[in-house]
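Open the model in your viewer and keep the selection tool at hand.

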Amino acid sequence: MSILIKNANIVNYDQSFVSDILINEGKIVKIAPVIDQRVDKIIDAKGKYVIPGGIDPHVHFWLPTFAGRTADNFYTGSKAAIWGGTTTVIDFVTPLHGQSLIDAYFERKAEAKDALTNVHLHVSPIEWTDLTAEEMEKLVREYGVTSFKVYMAYKKSIGIDDATLINVLVKAAELDALVIVHCENDEIIEYLRQEFISQGKTSPKYHPLSRPDDAEAEAINRLATYAKVLNVPVYAVHVSTQKGISIIKNAREQGVEFYAETCPQYLALTDEVYDQPFEQSAKYVMSPPLRKDHDRQALWEAVADGTVFTIGTDHCSFTMEQKRMGLHDFTHIPNGAGGVEHRLELLYTLGVESGKINMQRFVEITSYNVARLFKLKNKGYLAEGYDADLVIWNPDYEHVISAKTHIMNTDNNIYEGFLVKGQAQTVIVNGKILKIDGHLLI
Ligand code: URP
Ligand code: ZN
């Protein structure tokens, strides 16, 4: 199919200009001030931005948990992503103990086959065996894996000890792959969780108290130390605290290649939401938890000054029925919330509209940086030869977020009632129009 987009206000991370864009067979084939050519479809983008399709580096679709699979599978989650202007997601491969990383990778790829977006996968070594180094090598060299995810928290299940972390960091660096890390001190958290429960403090408001900012900061500091001593690059997922950001900034100033990701929830919300009855507060139970306003402000400064490199959602949606597993014990509430649908509109509203970042920076942290860091070839940029993953962004459209109208397959929304500006009006994935003028074609 050929598509001609006329009068596009193209925004890449490094430049913006008005031009026409010709798409054919999934690729951008020509960008020029005026293109006149017979095509299957002409779209006039006058007055709109045309940006690279969003790339969300952190989603959990159809994740197996103690509360069952997460509410969004690869079909519903990717449909919500497209609605919001995200055309590529990066999900995770989490093996069982004793399972080969390669088998787990192919199982997960099969689960992802219904996705409407492009899907890339981070692979999680959860233990270090005689086979781990060899399997990591095969995943990178033969199957195109570019990153490994490890958890400093959750040691009872998928978290790893520091000796394993060091092994993974060294092997990944040798393979020119990036290690992305969930940074929270597991011992502090486990101790506090048990203390609260044994004292009868069982409601959701104890969730953030059991995961203090120091637990994140300590783990980030440890990771920065390993990165410095081993001379390897590292990436911390979902950084949520001022303390964490300040450690990362300091490490970067010392020459450590430390990349930070944060999420819209830490930029938009703060921890007073936990001080409500279970039905209102359980949806905000996620790890790390929502933080204080000074943390939120520090994260915004880091988004603006470049310390934050990417924005991922950590989309991990549960229904209220699933959340109610922890009605009498907050440690039994499945952790996570949906958000893949709202990443761009929240960043646009809270970041661009409010003047904290400009459109080029918006594009840089929501697509370009993700593509270059995780080596997603031909993605994250609008130029001839690149994949035709793009979004026509209407900067004027306003709507109120609600679980009653969202696309995600869940009955709650942590952004309920938020008035957002900007909409992915038309979304093209690999040259196919999947949303046009605000209507899904899928
Ligand atoms: O609460 C969250 N974020 N759940 C998803 C798993 C993780 O820790 O990333
Ligand atoms: Zn996550």
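Start by selecting Ser-100, which caps the N-terminal end of α2: one of its side-chain oxygens is 3.1 Å from the backbone nitrogen of Ile-102. Such a polar contact is a pair of N or O atoms within 3.5 Å; within protein, one must be able to donate a hydrogen and the other to accept it, and residues adjacent in sequence count only if both atoms are side-chain atoms. Helices (H or I, at least four residues) and strands (E, at least two) are DSSP runs, numbered from the N terminus.

This is a predicted model: local features need pLDDT of at least 70, side-chain atom pairs count only at pLDDT 80 or more, and totals for chains, interfaces and linings use all residues. Residues are numbered from 1 along each chain as its sequence is written, chains are lettered from A and ligands numbered from 1 in the order in which they are written, and side-chain values use heavy atoms, with hydrogens and water left out.

Next, select α2 itself, residues 101-111, where Leu-101, Ile-102, Ala-104, Tyr-105 and Arg-108 are buried (under 20% relative accessible area; exposed is over 50%, partly exposed in between; 1.4 Å probe, protein chains only). Look down the axis of α2: the buried residues line one face, because they fall within an arc of 160 degrees, taken from the directions from the helix axis to the C-beta atoms. Now show what they pack against: β8 (68-69), α1 (74-83), β9 (86-93), β10 (118-123) and α3 (132-143).

Move to Thr-65, in strand β7 (residues 64-65). Thr-65 is partly exposed, at 24% relative accessibility. A polar atom of its side chain lies 2.6 Å from the backbone oxygen of Gly-68. Beyond neighbours within four places in sequence, Thr-65 is in contact (heavy atoms within 4.5 Å) with Thr-70 and Phe-318.

Then select Cys-263 and Cys-316. Are they buried or exposed? Cys-263 is buried, at 0% relative accessible area, and Cys-316 is buried too, at 5%. The sulfur of Cys-316 is 11 Å from that of Cys-263, the closest cysteine sulfur, which is too far for a bond. The whole structure has 0 disulfides (a disulfide being a pair of cysteine sulfur atoms within 2.5 Å).

Finally, zoom out to the protein, with its 14 helices and 19 strands. The C-alpha trace spans about 70 × 50 × 40 Å along its principal axes. Of the 442 residues, 61% count as buried.
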